[in-house]
Amino acid sequence: MVDADRAADERAFDRLREVLAGARAPLDPRASKVLRLILGGDHDLEITRARFAVHLESTRSRYPQEYFRRLSPPVVSFFLERAGVASVPRPLVFGLPAGKVGPPDDAAEWSYPGKRVWIVPGDAVKIVVRTSLEPHEAPFVSGIPTEGPLALRELPLYAPTYRDSRTPIVCPRCGAAATRHRALTSALVCPHCARSFEV
């Protein structure tokens, strides 16, 4: 990482706070790529001084995907611009109509479906992105209610499932035997070596 990138990462959270207060940060090719991934599904984001983490699955992963912190101000700036919001002084929810993102340089234009975006500012900025169940003709902005379709619902925490067996199962990877294994869709995870194997 070059010194300029390192310095931009160190300043990123302060820059993000400036964006939430009304400044704007333009999309560059890297930020556009991360934004495309975020708008491609239902994801939870957490941005702190130390990291820009994105939960990309149906649960809040123990190990979320992490991106360069300097990419968070342009991503959040995009949400505010598309919603027509000057600043986020308190928790807000936006409804964004389906749209297109023009190329920040020579990359191809891409589109995204209608979204709802919750932004909760603080020492850790939380952003929740969900596909909208109803099409929006125009953006809307609202405070976050405690109930109803606009209430904030984060992804559930990751909770592993286990499979118990009466007789020990020997791991083909390390040779250890155990009666309790973490269960994956079509495999088990050895509690000793943490490698998966099919049963």
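This is a predicted model: local features need pLDDT of at least 70, side-chain atom pairs count only at pLDDT 80 or more; totals for chains, interfaces and linings use all residues.
User: Let's zoom in on I119. What does I119 touch, leaving out residues up to four places away in sequence?

Analyst: Quite a list: L20, V76, L80, V88, R90, P91, L92, F94, V125, K126, I127 and I144.

User: Switching to aromatics: how many aromatic pairs does the structure hold?

Analyst: There are four. In one of them, F52 and Y67 have ring centres 6.1 Å apart and planes at 55 degrees, so this pair counts as tilted.

User: Where do F52 and Y67 lie?

Analyst: F52 belongs to strand β2 (residues 52-55) and Y67 to strand β3 (residues 65-67), so their pairing ties together parts that are 15 residues apart in sequence.

User: Is F52 buried or exposed?

Analyst: Buried, with a relative accessible area of 0%.

User: What about F78 and F79, how do their rings sit?

Analyst: They form an edge-to-face pair, with 6.1 Å from centre to centre and 70 degrees between the planes. Both F78 and F79 are buried. Together with W110 and Y112, they make up one aromatic cluster.

User: Which charged residues sit over rings?

Analyst: R70 has its charged end over the ring of F68, 4.1 Å from the ring's centre. R180, in turn, lies over the face of Y162, at 4.3 Å from the ring centre.

User: Great. Zooming out, how many helices and strands are in the chain?

Analyst: The chain has three helices and 13 strands. Its C-alpha trace spans about 60 × 45 × 35 Å along the principal axes.

User: What share of the residues is buried?

Analyst: Of 199 residues, 39% count as buried. As for the surface, the chain exposes about 11100 Å², with carbon and sulfur atoms supplying 51% of that area.

User: Last one: how many of the contacts join residues at least 24 apart?

Analyst: 53%, counting contacts between residues at least 6 apart in sequence.

Technical notes:
Residues are numbered from 1 along each chain as its sequence is written. Side-chain values use heavy atoms; hydrogens and water are left out. Contact means heavy atoms within 4.5 Å. Rings of Phe, Tyr and Trp (its six-membered ring) pair if their centres lie within 6.5 Å; planes under 30 degrees apart count as stacked, over 60 as edge-to-face and the rest as tilted. Helices (H or I, at least four residues) and strands (E, at least two) are DSSP runs, numbered from the N terminus. Buried means under 20% relative accessible area, exposed over 50%, partly exposed in between (1.4 Å probe, protein chains only). A charge sits over a ring if NZ of Lys or CZ of Arg is within 6 Å of the ring centre and within 35 degrees of the ring normal. Accessible areas come from the Shrake-Rupley method with a 1.4 Å probe; for residues, only the protein chains shown count as cover.
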